[in-house]
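Here is a chain to look at.

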Amino acid sequence: MVETMSKDRLPIERVAPPDEVAILTLNNQHAAELSWLEPERLSFLIGQAFYTRRIGALGAFIMCFDQDARYDSPNFLWFRKRYPRFVYVDRVVVAAEARGRGHARRLYEDLFEHARRAGHTIVTCEVNADPPNPASDAFHAALGFAEVGDAVIHGGKKSVRYYAKPVAG
């Protein structure tokens, strides 16, 4: 199912089972920023996801959960303790060769519209504070996200900043 398309841009499409091998490869190339996934875990997460899309053969992908997901990520659980209803961006990745084309922005804009249509009023995410990710901080600020908290996770190996953006229509 094609969600967004113009003659000069690749479509945003729902992730389907045949996409999982490419998603796993792209995800695991960025495991330091995201987290390593095994094939079974990826399949489980896609089944729990509120919104999972890709651009092109796999120039980029995004995976998001709402408050009802069976998900044990410390970041997701942080939001669940504080918000009765939300969409959490768990991971968004743009392949190195596809960067600079606006893919991440397009995926987020499509997500915001999808979340609004589903009755959500807030989209959340986290960005690494240590190791730092200033490009991601700037990107999320430009999209209208504001910092709502922080945490040290994984036994002190990582610290994160939590962001939220209202999306009420």
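Q: What makes a run count as a helix or a strand?
A: A helix is a DSSP run (H or I) of at least four residues, and a strand is an E run of at least two. In this predicted model, the elements from the N terminus on run β-β-α-α-β-β-α-β-α-β-α-β-β. That gives five helices and eight strands.

Q: Why is glutamine 48 called buried?
A: Buried means under 20% relative accessible area. Glutamine 48 has 18%, so glutamine 48 is buried.

Q: Where does glutamine 48 sit in the chain's elements?
A: Glutamine 48 belongs to helix H2, which covers residues 39-48.

Q: What does glutamine 48 touch, leaving out residues up to four places away in sequence?
A: Its partners are Phe65, Ala69 and Arg70. To count as a contact, heavy atoms must lie within 4.5 Å.

Q: How do you know that the chain agrees with a compact globule?
A: Set the value against the rule. With 169 residues, a compact globule would have a radius of gyration near 15 Å. The chain has 15 Å, so the two agree. Its C-alpha atoms fill a box of roughly 45 × 35 × 30 Å along the principal axes.

Q: How many of the residues count as buried?
A: Of the 169 residues, 52% do.

Q: What share of the contacts with a separation of 6 or more comes from residues 24 or more positions apart?
A: Such residues account for 61% of them.

Technical notes: Residues numbered from 1 in each chain as written. Predicted model: local features only at pLDDT ≥ 70, side-chain atom pairs only at ≥ 80, totals over all residues. Heavy atoms only, no water. Rg over C-alpha atoms; globule rule 2.2 N^0.38 Å. Buried < 20%, exposed > 50% of the residue type's maximum accessible area, 1.4 Å probe, protein only.
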